[in-house]
Amino acid sequence: MRPLIFITNDDSIDAPGLHCLVEAVKSIGDVYVVAPLHPHSGQSSALTVGEPLKISERHGAPEGVRLFTVDGTPVDCVKLGLHAIVPRKPDIILSGINHGSNSGTAITYSGTMGAVLEGCMVGIPSVGFSLLHHSMKADFSLSISFVAEIAKKVLDEGLPEGICLNVNIPAKVVPEGIKVCRAARGHWSEEYKRYIDPNGMPFYWLTGRFVNTEPEATDTDEYWLDRRYISVVPVTPDQSATGMIKNLASKFDSED
């Protein structure tokens, strides 16, 4: 039986990056795409609550590929796709290829990675792919062989329990290779730009840039992306700071 590959994203069913991902892996398995009807960037692990969700199938997909839309978030797509669309538990969940970076602390906001974390929580090997180029006309061809290589390796060998992957790809270059590393620490600066509407009222548009607060560190995704390598960051949905439990227990634990 061919592997069942579940693909989603946050840029919508019409995003070129999604269809490049399908092309990269359709030869190694049967592909089910369950993607948002509309873009949902920055939605993290958001769920649709209190509203119905609708599924539609799009016809004309390549052989071995089925395309579905959900009028919700990336996590809605994963949860509803597993519940009502795919015929069995997928062998792998792939999200992307995102138009834009998800390196550093961007995973906190990323709809692409929200879908990956959801897959990981239900025990499915899951990988998110992002290209460091926001344009809908971005060229994915220079790195598509690496995407296929990573997907196939995860399919063949799996991932450790509770671990998923955040993969970022340098844009406009043939990558030098792949580096497994950690996410760079940092924050976002100058996040909103102020404008004036025709009625003289101010409004704000999300913008900003990532500030790497450890630019000298040589073991981060930002470091290797700057050197034209694909970064692979192992991620876990469990955000417990287990190393701090003993220290904080001495401050807060009550006697039985």
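This report describes the fold, cores, aromatic pairs and backbone of a predicted model.

## Basis of the values

The model is predicted, so local features need pLDDT of at least 70 and side-chain atom pairs count only at pLDDT 80 or more, while totals for chains, interfaces and linings use all residues. Residues are numbered from 1 along each chain as its sequence is written, and side-chain values use heavy atoms, with hydrogens and water left out.

## Overall fold

The chain has 6 helices and 13 strands. These are DSSP runs numbered from the N terminus: helices are H or I of at least four residues, and strands are E of at least two. The radius of gyration is 19 Å, close to the 18 Å from the globule rule for 256 residues, so the chain is as compact as a globular protein of that length. The radius is taken over C-alpha atoms, and the globule rule is 2.2 Å times the number of residues to the power 0.38. Along its principal axes, the C-alpha trace spans about 60 × 55 × 45 Å.

Of the 256 residues, 43% count as buried. Buried means under 20% relative accessible area, exposed means over 50%, and partly exposed lies in between (1.4 Å probe, protein chains only). The accessible surface of the chain is about 13800 Å², and 52% of it belongs to carbon and sulfur atoms. Areas come from the Shrake-Rupley method with a 1.4 Å probe; for residues, only the protein chains shown count as cover. A contact means heavy atoms within 4.5 Å. Among contacts between residues at least 6 apart in sequence, 77% join residues at least 24 apart.

## Nonpolar cores

A nonpolar core is a set of buried Ala, Val, Leu, Ile, Met, Phe, Trp, Tyr and Cys residues joined through side-chain atoms within 4.5 Å. The largest has 32 residues, of which Ile7, Val25, Val33, Leu94, Val127, Phe129 and Val167 touch the most other members. Leaving aside residues up to four places away in sequence, Ile7 touches Leu18, Leu21, Val22, Val25, Val31, Tyr32, Val33, Val34 and Leu94. A second, separate core of 14 residues includes Tyr32, Phe68, Val70 and Leu80.

Helix 3 (residues 111–121) is mostly covered, with 10 of its 11 residues buried. Among the buried residues are Met113, Val116, Leu117, Glu118 and Cys120. The buried residues of helix 3 pack against strand 1 (4–8), helix 2 (74–84), strand 5 (92–99), strand 6 (126–131), strand 7 (164–169) and strand 13 (229–235).

Ser143 lies in the loop between strand 6 and helix 4 (144–157). Ser143 counts as buried because its relative accessibility is 2%. Beyond residues up to four places away in sequence, Ser143 touches Leu131, Ile169 and Pro175. Leu206, in strand 11 (residues 202–206), is exposed at 54% relative accessible area.

## Aromatic rings

The whole structure holds 4 aromatic pairs. Rings of Phe, Tyr and Trp (its six-membered ring) pair if their centres lie within 6.5 Å; planes under 30 degrees apart count as stacked, over 60 as edge-to-face and the rest as tilted. Tyr195 and Phe203 are stacked, at 5.4 Å centre to centre and 20° between the planes. Tyr195 is partly exposed at 33% relative accessible area, and Phe203 is partly exposed at 33%. The ring centres of Trp224 and Tyr229 are 5.1 Å apart and their planes meet at 75°, so this pair is edge-to-face. Trp224 is buried at 19%, whereas Tyr229 is partly exposed at 22%.

Ring pairs link Tyr223, Trp224 and Tyr229 into a cluster. Lys179 lies over the face of Trp224, 4.7 Å from the ring centre, and Arg227 lies over the face of Tyr223, at 3.6 Å. A charge sits over a ring if NZ of Lys or CZ of Arg is within 6 Å of the ring centre and within 35 degrees of the ring normal.

## Backbone exceptions

Most residues other than glycine have a negative phi, and most peptide bonds are trans. A cis peptide bond joins Gly96 and Ile97, with omega about -5°; Ile97 is in strand 5.

Ser12 has a positive phi, near 100°. Ser12 is in the loop between strand 1 and helix 1 (16–25) and is buried at 6% relative accessibility. Ser44 also has a positive phi, of about 50°. Ser44 is in the loop between strand 2 (30–36) and strand 3 (55–58) and is partly exposed at 24%.
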